[in-house]
Structures are given as C-alpha cells and as structure tokens.
Amino acid sequence: ARVERERNRLVTAEVHLTRGRAIADHYREPTTLLQIETEAALLGLANGTPDAALRRLREWLHVYDTAPISRFHTIAQATEARLLLAVYQPDKAAACLPDQPETDPDCSAVAIHLALLERDPDRAAWILDAWPQLDERRPRLEHELWRAVYLYRQGERVAALTGLDEILPEATADGHVRLFIDNGPLVHDLLRAALPTRREQLAPLINAWGDPAVAQGGGAPDDELTLRELEVLRFLPTRLPARDIAARLYISNNTLKTHLRNIYRKLDVSDRDHVVDKAERLGLA
C-alpha cells in the first residue's frame with residue numbers, strides 16, 4: 001500500500017490497505033494496527049481528505065496515549081503533524097513533534113517545513129545539517145528536496161533548481177510522486193519555478209499535481225472563490241489583524257479562519273504573504 005501510494009496509484013493502495021487491515025483486525029496486534037492507520041492517514045492526505053484522515057488517526061493515537069513510545073508511534077505523530085499542516089494549523093503541528101525532531105527523518109521533514117513557514121532560516125539550516133538516516137533513499141531524497149526549497153526561499157534560485165535537478169531523475173525513476181505533491185505549497189512553489197524549463201522531467205508529477213494551469217502558476221480562476229472569500233481576500237493586503245477583519249465583515253473569528261483555510265487551499269499557498277502575492281498576480285486583490 002505504501003509503495004502504491006507513493007507512486008500515486010491510490011486505488012490500488014486502498015485495495016492493499018483494506019486487505020492488510022482485515023488481517024491485522026484478525027490478530028489485533030497493536031503495532032501493526034497503528035502502522036496501518038498511519039498509512040491510511042497518508043493515503044487520506046494523498047486523496048485530498050486530510051481532515052477526515054486526521055480525525056481517524058487521532059482516534060488511534062488516543063488508544064496509544066499510555067503505550068511506550070516506539071518508532072511507529074513517532075511516525076504516527078509526524079503524520080499527524082503533516083495532516084495539521086495540510087489543514088493550515090502549524091501551531092498544533094509543532095506541538096505534535098518530539099523535543100528533538102532531528103532524531104527521526106519523518107519528524108525532521110515536518111520541522112523544516114515549520115521553520116520555513118516561520119521564516120526562521122537558521123533553524124531550517126540546522127535541521128538540514130542534523131537530518132538522520134541519509135544512507136537510506138527516501139530520507140535522503142526528502143532531505144535534498146527540502147534543501148532545494150530552503151535555497152529557493154533564501155533567494156538562491158539557481159542553486160535550488162540545480163539541487164532539484166540532482167534528485168528528479170532518481171526520484172521519478174523510483175516512483176516517488178507523492179514525496180513532491182504531499183509536502184505542500186512550499187514545495188509546489190519550487191516546482192512551478194522549475195516547470196517552464198523542466199516540463200519533461202516533471203511530467204511524472206503533473207498528473208498528480210492537479211490542473212496544469214495551476215501547476216504553471218496560472219492559479220485558480222475567480223469563480224473558485226466564493227463572494228465571501230473574495231471579500232476576505234481583499235482585506236489581507238491591509239495587514240489588519242484577523243480579529244479586526246472578522247469584525248468588519250460581521251463574522252466570528254472561527255468563520256474567518258474557515259474562509260482563510262479555503263482561500264489558502266484554493267490558491268495553493270501556505271501563508272498570508274503568499275496568498276497576497278498570488279492574489280495580486282491573478283488580479284484578485
């Protein structure tokens with residue numbers, strides 16, 4: 001199931017996962033069940049249902065609250081954090097990670113994502129230097145991908161694209177599609193920068209990435225945002241605090257958060273600065 005998901009064969013992955021769950025339910029071995037539910041959560045992320053995946057995984061993690069921490073428990077916690085990032089809750093994602101995330105590659109991937117969102121390049125560089133298990137292919141590929149994203153965010157475009165070039169042949173030949181797609185808008189920004197001159201190399205990713213117009217940086221059309229979301233969007237360049245925007249629109253803070261999550265998702269961005277930049281490019285703000 002894991003291999004099929006990573007290669008973006010999501011229906012086949014679901015079939016294997018269902019078979020595996022049936023066997024695990026028969027034997028009721030807790031560690032195996034936790035591994036299966038963690039993989040099911042990642043499949044939910046790939047299928048575009050992170051909210052439902054997060055609820056189910058949390059139910060299982062609750063069962064393990066009193067169990068000793070194991071490698072599989074750590075992976076499950078890192079997966080919970082990935083899902084929280086996917087639903088734009090970075091503060092809660094940070095709380096899921098252990099005190100020393102650099103001891104685990106799954107946790108390191110989330111930690112650097114958070115560091116870049118928080119515009120903390122020093123911490124991001126430290127995580128890259130401390131990344132574990134670089135002798136294994138998947139952690140090494142993810143490490144090099146995030147190094148390229150880090151360089152891109154630092155304004156080192158040529159170095160970032162060179163780093164991406166170094167991993168694309170190996171990653172795509174081995175079927176690592178979801179590695180690029182499920183790491184969110186920060187990675188997508190790098191891929192968009194590469195797309196005009198590297199379309200052939202990125203071809204295995206484009207189908208999983210979604211609408212090619214969005215992949216090319218064209219963005220979502222106006223009618224994908226509701227009128228209320230457009231009203232919210234036009235307040236974002238003002239730098240008013242969220243509570244003041246909610247007050248001016250006569251809506252609750254929770255309703256505003258829902259609108260913001262929808263705007264970020266539809267425009268495929270990770271934070272307020274990026275949504276303003278993209279909205280200006282699309283003529284929405």
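**Close-up views of a predicted model**

**View 1. Val 275 is buried, with a relative accessibility of 0%.** Buried residues have under 20% relative accessible area, exposed residues over 50%, and partly exposed residues lie in between (1.4 Å probe, protein chains only). This is a predicted model, in which local features need pLDDT of at least 70 and side-chain atom pairs count only at pLDDT 80 or more, while totals for chains, interfaces and linings use all residues. Residues are numbered from 1 along each chain as its sequence is written, and side-chain values use heavy atoms, without hydrogens and water. Val 275 belongs to helix 18, residues 272–282; helices are DSSP runs (H or I, at least four residues) numbered from the N terminus. Leaving aside residues up to four places away in sequence, Val 275 touches Leu 233, Leu 236, Ile 263, Tyr 264, Leu 267 and Val 269, where contact means heavy atoms within 4.5 Å. The C-alpha atoms of Val 275 and Ile 263 are separated by 7.9 Å in space, and the two residues by 12 positions in sequence.

**View 2. The side chains of Glu 229 and Lys 266 are joined by a polar contact of 2.8 Å.** A polar contact is a pair of N or O atoms within 3.5 Å; within protein, one must be able to donate a hydrogen and the other to accept it, and residues adjacent in sequence count only if both atoms are side-chain atoms. Glu 229 is part of helix 15, which spans residues 227–233. The relative accessible area of Glu 229 is 4%, so this residue counts as buried.

**View 3. Asn 8 and Arg 28 are non-glycine residues with positive phi.** Most residues other than glycine have a negative phi. For Asn 8, phi is about 70 degrees; this residue sits in the loop between helix 1 and helix 2 (10–27) and is partly exposed, with a relative accessible area of 25%. For Arg 28, phi is about 55 degrees, and the residue is placed in the loop between helix 2 and helix 3.

**View 4. Arg 58 and Glu 80 form one of the 24 salt bridges in the structure.** A salt bridge is a side-chain nitrogen of Lys or Arg within 4 Å of a carboxyl oxygen of Asp or Glu. The closest N and O atoms of Arg 58 and Glu 80 are 2.8 Å apart. Arg 58 lies in helix 4 (residues 50–63) and Glu 80 in helix 5, so the pair ties together parts that are 22 residues apart in sequence. Arg 58 is partly exposed at 35% relative accessible area, whereas Glu 80 is buried at 11%.

**View 5. Asp 271 and Arg 119 form a salt bridge, with the closest N and O atoms 3.8 Å apart.** Asp 271 lies in the loop between helix 17 (253–267) and helix 18, and Arg 119 in the loop between helix 7 and helix 8 (121–130), so the pair ties together parts that are 152 residues apart in sequence. Asp 271 is buried at 13% relative accessibility, whereas Arg 119 is partly exposed, with a relative accessible area of 48%.

**View 6. The side chains of Arg 137 and Asp 174 meet in a salt bridge of 3.1 Å, N to O.** This pair links distant parts of the chain, 37 residues apart: Arg 137 is in helix 9, and Asp 174 is in the loop between helix 10 (157–173) and helix 11. Both residues are partly exposed, Arg 137 with a relative accessible area of 41% and Asp 174 with 28%.

Notes: Helix = DSSP H or I, 4+ residues; strand = E, 2+ residues; numbered from the N terminus.
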